[in-house]
Amino acid sequence: MDGPQNIEVMDIKFSMQAVAEVLWPETWQGRACTLAAGVFALIVTKKVLKGAKARRLRKEWDSVGQDVVLLHQFQRGKFCPNLSPFALKVEVFLRLANIQYKVDEKSPFGPKRKCPWITINGEDIADSEFILEDLTQRFNVQMDSQLEDREAAVLEAARVLADEHLFWCVIIWRYWLDGCITFLKTQTYSKVMNWIFTLFMKNGIRKRAKEQGMGRHSPEDIYQICKKDCATLAGILGNKLFFGGEEPCRADCAVFGQLSQLMWNAPNTRYEALVTEVYPNLSSYCLRMKEKVFPDWNDLLVGSE
């Protein structure tokens, strides 16, 4: 039985080869092989170059020195040191805690595809709150030591409101409702990058905001939510110099990061007016934080006229 079956299999193979030769002549087969080899070589080359770049960047990141934080963030802006409230939050913390750091603007997105992130002693840490937790323990930072338990709880609630609620109001307005028009005036991106922001960020933020829930409200509702958030923060701050009292605490890092986006990155809008006019104690607070934490504020700005 083996003999006839083998002959039958050979016949099938020859038939398939004949069909292939008719449908796909040798010249086309050669071209296909060449194309496949080219694609394969391109993929391999891309991986090799990507690996080489990763090794080069890692060498740069690890060369900043022992216990020196490398803060990966977006480029500086015209009126505010960063477009990301979370990057500003981390930089404020580093300065208040007197932790030595350097800034990297070439790789703003980290392991979680979020900005900012840090590298310290060869370790990568992402998410601003995890970064602050790590640095607080690593350097034994006592920024909140003066707070009573209840006060600390209230300020943590203020921090969450700023980072998880006010943030969404700001970016929905910035990228979606305003269509990046005002925001791009505060940055120094190229025309191509401006086009990319306008085309992709608007739809991207709209989708994310609707999934989160805030984006299902009307523009006026979102403004009123933002106003209520600012009213809450203004009420918690009251007449104090900082949210931490006489000196800033960890909550100040987050709140200042978010309020800065209204104070400096929303010029001539009613969102800016929430801080500068409706709740002026927030404006005074931002200016005090700027003076205390960033005496070199103007030196950090780029492209301003």
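Guide: Glu220 and Arg270 form a salt bridge, with their closest N and O atoms 3.1 Å apart. Glu220 lies in helix α8 (residues 219–237) and Arg270 in helix α10 (residues 270–278), so the pair ties together parts that are 50 residues apart in sequence. The model is predicted: local features need pLDDT of at least 70, side-chain atom pairs count only at pLDDT 80 or more, and totals for chains, interfaces and linings use all residues. Residues are numbered from 1 along each chain as its sequence is written, and side-chain values use heavy atoms, with hydrogens and water left out.

Visitor: Why is the contact between Glu220 and Arg270 called a salt bridge?

Guide: A salt bridge is a side-chain nitrogen of Lys or Arg within 4 Å of a carboxyl oxygen of Asp or Glu. The closest N and O atoms of Arg270 and Glu220 are 3.1 Å apart, so the pair meets the rule. By this rule there are 14 salt bridges.

Visitor: What makes α8 and α10 helices?

Guide: Helices (H or I, at least four residues) and strands (E, at least two) are DSSP runs, numbered from the N terminus. Helix α8 covers residues 219–237 and helix α10 residues 270–278.

Visitor: Why does Glu220 count as partly exposed?

Guide: Buried means under 20% relative accessible area, exposed over 50%, and partly exposed in between (1.4 Å probe, protein chains only). Glu220 has 38% relative accessibility, so it is partly exposed. Arg270, at 39%, is partly exposed too.

Visitor: Which label does Asp127 get, buried or exposed?

Guide: Asp127 has 19% relative accessibility and therefore counts as buried. Its salt-bridge partner is Lys114, the closest N and O atoms being 2.7 Å apart. Lys114 is partly exposed, with a relative accessible area of 38%.

Visitor: What makes the phi of Asp127 worth a remark?

Guide: Most residues other than glycine have a negative phi, and most peptide bonds are trans. Phi of Asp127 is near 80°, a positive value in a residue other than glycine. Cys180 also has a positive phi, of about 70°, and is not a glycine. At 0% relative accessibility, Cys180 counts as buried. A cis peptide bond joins Cys115 and Pro116, with omega about 5°.

Visitor: How do you know that Asp163 and Lys89 link separate parts of the chain?

Guide: Asp163 lies in helix α5 (residues 149–177) and Lys89 in helix α3 (residues 85–96), so their pair ties together parts that are 74 residues apart in sequence. The closest N and O atoms of this salt bridge are 2.7 Å apart. Both Asp163 and Lys89 are buried.

Visitor: Why is Val192 called exposed?

Guide: Val192 has a relative accessible area of 56%, so it is exposed. Val192 is found in helix α7.

Visitor: Where is Gln142, and what is its label?

Guide: Gln142 is in the loop between α4 and α5. At 49% relative accessibility, Gln142 counts as partly exposed. Gln142 and Ala97 are 45 residues apart in sequence and 8.4 Å apart in space, C-alpha to C-alpha.
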